[in-house]
Amino acid sequence: MSQKICILCPGQGAQVVGMGKDYFESSEVARGVFEKANGILGFDLAAVCFGGPEERLNQTDISQPAIYVTSVAAYEAARAREVIDDAEVAVLAGLSLGEYTALHLGGAISFEDGLKLVAARGRYMQEAAVATPSGMVAILGADEGAVNSLCEKAGQGEVLVAANFNAPGQIVVSGAMGACKRIIDIAGEAGFKAVELKVAGAFHSPLMASAAEKMRGELEKVRIKRPERMVYANVTAQPHGEPDAIKRLLVEQIVRPVRWEQTMASLLATPMRFVELAPGRTLTGLAKKINRRAPIESLASADALNKEMVGSAHPTSKESK
């Protein structure tokens with residue numbers, strides 16, 4: 001009996017100069033994904049992914065489509081080499097931006113519409129970030145109640161909210177720059193470690209309201225279907241359903257927290273083979289904080305295509321004979 005597969009799709013922050021180049025060079029299918037994306041966007045996204053500069057790749061309007069395309073290229077290359085059996089993929093989940101990748105691979109959104117949406121999303125979020133000095137801070141060692149209390153103390157009339165529930169003891173807050181600076185000191189005094197993140201702005205907070213409203217209009221332009229496979233929503237940590245609800249949740253996702261820890265806790269309770277797409281291994285690391293024995297394989301490198309099966313969850317054909 002074949003084992004079900006859960007595909008994990010990375011979000012912004014996973015980008016790195018050179019990402020996807022090994023897939024582009026080793027897989028005709030992956031190369032086709034990058035070339036198609038270049039045509040849709042009207043510029044050479046692949047060149048920025050492969051050669052930078054880093055400052056440009058890290059800008060929200062570039063990093064979001066870059067990660068989406070790299071993830072899809074890795075999936076299609078792995079599928080073509082039978083590292084992933086498409087028929088066994090039962091569940092998909094993506095962190096923030098990665099939710100769009102998951103919805104595309106889950107059959108809800110076409111590749112072209114998904115790419116146009118994430119390009120617009122990145123552009124609108126970048127505009128919102130520039131409009132208001134803001135940021136994000138990771139709070140380590142605190143639970144949701146403690147973080148909410150810290151935000152209340154540090155806010156002092158400015159926006160400061162929990163934005164990403166990544167893993168046990170790892171919650172990211174998002175808000176006005178002054179409030180972000182204050183929570184670093186207040187968290188330290190309370191015995192928690194606080195780390196300021198290098199991001200353009202206060203993602204998944206009310207300060208992204210202008211981006212959310214603009215994305216509402218973009219989403220109305222595209223056809224979204226009910227997913228063919230189970231795809232988890234960031235806002236609810238539950239599977240997506242009807243198309244209108246998907247559009248609503250994608251708008252809400254921009255201003256509301258990402259419930260990734262809750263999503264992964266639910267998924268890891270079900271025996272499955274987990275595969276994280278390129279770029280990076282961020283989601284693998286977060287899953288290991290929830291369950292250090294989590295059976296997760298990585299497609300961060302195209303080296304995975306050289307193996308008949310990745311990881312211990314599947315034996316190689318030689319071993320199974």
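I looked first at the contacts (heavy atoms within 4.5 Å) in the protein chain: of those with a separation of 6 or more, 74% are between residues 24 or more positions apart. The model is predicted, with local features needing pLDDT of at least 70, side-chain atom pairs counting only at pLDDT 80 or more, and totals for chains, interfaces and linings using all residues. Residues are numbered from 1 along each chain as its sequence is written, and side-chain values use heavy atoms, with hydrogens and water left out.

**Whole chain.** I noted 14 helices and 9 strands, which are DSSP runs numbered from the N terminus (helices H or I, at least four residues; strands E, at least two). The radius of gyration, taken over C-alpha atoms, is 19 Å, close to the 20 Å of the globule rule for 321 residues, so the chain is as compact as a globular protein of that length. That rule is 2.2 Å times the number of residues to the power 0.38. I recorded a C-alpha trace spanning about 65 × 45 × 40 Å along its principal axes. Of the 321 residues, 53% count as buried (under 20% relative accessible area, 1.4 Å probe, protein chains only).

**Gln253.** I then turned to Gln253, which lies in helix 11, residues 243-255. Gln253 is buried, with a relative accessible area of 0%. Leaving aside residues up to four places away in sequence, I found that Gln253 touches Ser96, Glu99, Arg121, His204, Asn234 and Val235. A polar atom of the Gln253 side chain lies 3.0 Å from the backbone oxygen of Ser96. I also noted that the C-alpha atoms of Gln253 and Phe203, 50 residues apart along the chain, are separated by 9.5 Å.

How values were computed
Buried < 20%, exposed > 50% of the residue type's maximum accessible area, 1.4 Å probe, protein only. Polar contact = N/O pair within 3.5 Å; in protein donor to acceptor, adjacent residues only side chain to side chain.
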